[in-house]
Amino acid sequence: MWPLRLAWALAALGIAAGADPTAPLPDRASIFADLTPAELRAVRDFLMGRPELGLSPNRGGTLAQNTLFLVELLPPKKRLALRHLDEGGPAPRRQARAVVFFGGQAEPNVTEFAVGPLPRPSSYRPLRFKGRRRVPFAARPMTQLEYELLHRALVQATEPLYRLLRDATGFWYHNCTDRCLTFSDIAPRGLASGERRSWFMLQRFVEGYFLHPVGLEILIDHRDPDPHRWAVQRLWYNGQYFSSPQELAERYEQGQVAVARLSDHASQLLFSTYVPRGRFTTGTPTDVHGAKVCEPQGRRYRLRGNRLEYGGWSLAFRLRSSSGLQLFDLRFNEERVAYEVSVQEAIAFYGGDTPAAMQTKYIDAGWGMGSVTYELAPGIDCPEVATYLDAHHLYDADGPVRFARAVCIFELPTGVPLRRHFNSNFQGGYHFYAGLEGHALVLRTTSTVYNYDYIWDFLLYPNGVMEAKVHATGFIHATFYTPQGQRYGSRVQSHVLGNLHTHLVHYKVDLDIAGTGNSFETMDLSFENIPNPWSPDARVVQPWLHRQPRRSERRAAFPLGQALPRYLLFSNPRQRNRWGHARSYRIQHSSHAGRVLPRGWREERGISWGRYHLAVTRHHENEAVSSSLYTQNDPWEPLVNFEGFIRNDESIEDQDLVAWVTVGFLHIPHAEDVPNTATPGNAVGFFLRPFNFFDEDPSVASLSPVIVRPLDQTFSRLEVQRWTPDSPGPCVAPGPFTYNGTYWPE
């Protein structure tokens, strides 16, 4: 995916706020805190010092060596965490997850280890995945070293094509200076487990190069750890296939190749840039600042280490290098609603006419989705007044890499009241007006995975509602336009096709509704036709509540393509609210997800979670995640098979339950996706909403409402009742925009 010329250094996170980083974390949240840079270095030094592992540095060297690829927190087992959180038991031992590439073995493989105890590790043990201890070496994620070696292979492969590339594009790949080509690589890497064959799509290396394919795609077999044994297997140029670079070069010289001559990019304004062009016909100003978020009386949330508090909400959070944001111990007014809510996976499956397009099935955890958390720009990515947190990753690096301002937290005015009412007297006046302004606390990060930018949000509302949401933006994945290509998308520039694709995102929601013993039911309406009791000659047709307890896992798996019941309720059958209802929370989808492939078709086996809008399973420690780092490069025999979670059809009555939520959308690119896909209309997610969990709306505890009552019949005297200052005061403090954007080892 990532071109070689883009600097990248990735990995396992320690969150650092502006406060003293040495201050002790609150005990309750600290068991979930990401590894600090010191802990990351301690794990690295301990493993590098074990002679039996034979580890070498990542930089330089060869693929045929043993290297440490990833270090991140290994979360504690749930039962140990709850014993500590709820019963005052000892804090679980703090451990790291370490991923080691054993490329220097007779049979190369990938092995994961648990390393601890931290902060001074002294032992390690292999981790298992449902009985499997080792991962096939061909399934490993890509590394910077492998990209450097592939760059050399592409230099050699394109040397015979110099004249073709120069004449057709004005750019070339080998021995270039300022008119260089770059590449994007495609995954999965082959057609069956054990293969590592990648298509490389060449592009002009200009700003927004994703929109500048030149019509040449090259297939390289790079399975062998020795790059001298790599080979170019096929080429595609402007609709024709060739067996070797030499064949393409010879046929070009003989005039047997249909050449696509591209215009000089310098002769016109580059369409892939953000540089303004055109104008709005109204003439309203855009050269001054628009509306801003402000905190006139200071912050109304509290951040202590990785513990976040806002109104009734409290939670612990971390940023996994492997897959992104993860919330733990999510509580409202000290009652746990969920033990874990986390991003598991994001995919985009494409169709197209070129080999690169038809092969593209991106499974983003395989690209270190949680580690590509680049700097957030104040005033654009998050409000200027947000709290910004750094992240530290150890992902394909020889030490921790600091990503500045990778996470932000801010209170957002929603622009709509949380609730309001105007009580009219229907005679030109009113009895009272009351309203509560709408706010939410936002926890945000981004993942720039190749061309796409995902904006990941968790929003906390004062009425006990939590929202998980992701926006998709960035560049479309574009391939070279051919007339046949319009079957698979839209022509967006003279030689550019925007390829259709479906996005799916998977979340884990480990619910603990008033305890761990929960049950699941669906509720929708049916209609009844009954005699009218107050008019015997008439009948009444009306809706009634149709409740369906879902007692086993298979009964609680809802396939995409079928209607989803509108109320999905998780309840504690032994806990009732004041009105006699089982205390419940509801999952509500905001999605129009569809299937990406027919069930059971090759690569679909690796994303079997994508078969379901929602699947509910019993909690098991060996079913902690629905995907893995290795699914991208081996979806055919996936290490984690989600379908196996529900195959045994266990009872889910009065059990510790996990909801697995799939959201997504179909994207058919269009001209307005240039230069970038815009966020409006491209957001999906879900809500967690209380349903008889409380006795009334818990936001009544907020001191932010306003009540207006007339004191006379002329409405000239009013009683305005409020609990906040009359005036919010000044808003945004002046200050220049700053941005750095670098992420370097410390």
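The model is predicted, so local features require pLDDT of at least 70 and side-chain atom pairs count only at pLDDT 80 or more, whereas totals for chains, interfaces and linings use all residues. Residues are numbered from 1 along each chain as its sequence is written, and side-chain values use heavy atoms, with hydrogens and water left out.

I begin with the cysteines. Taking a disulfide as a pair of cysteine sulfur atoms within 2.5 Å, the count is 2 disulfides. One of them links Cys176 with Cys180 at an S to S distance of 2.0 Å. This link is right-handed, with 105 degrees about the S-S bond. Cys180 has a relative accessible area of 8% and is therefore buried, the term meaning under 20% relative accessible area, with exposed over 50% and partly exposed in between (1.4 Å probe, protein chains only).

The other pair is Cys382 and Cys408, with S to S 2.1 Å. Here the link is left-handed, at -80 degrees about the S-S bond. Strands (E, at least two residues) and helices (H or I, at least four) are DSSP runs numbered from the N terminus. Both cysteines, Cys382 and Cys408, are buried.

I turn now to Thr617. Thr617 belongs to strand β34 (residues 612-618) and is buried, at a relative accessible area of 1%. Beyond its neighbours within four places in sequence, Thr617 is in contact (heavy atoms within 4.5 Å) with residues including Glu553, Phe645, Asp656 and Trp660.
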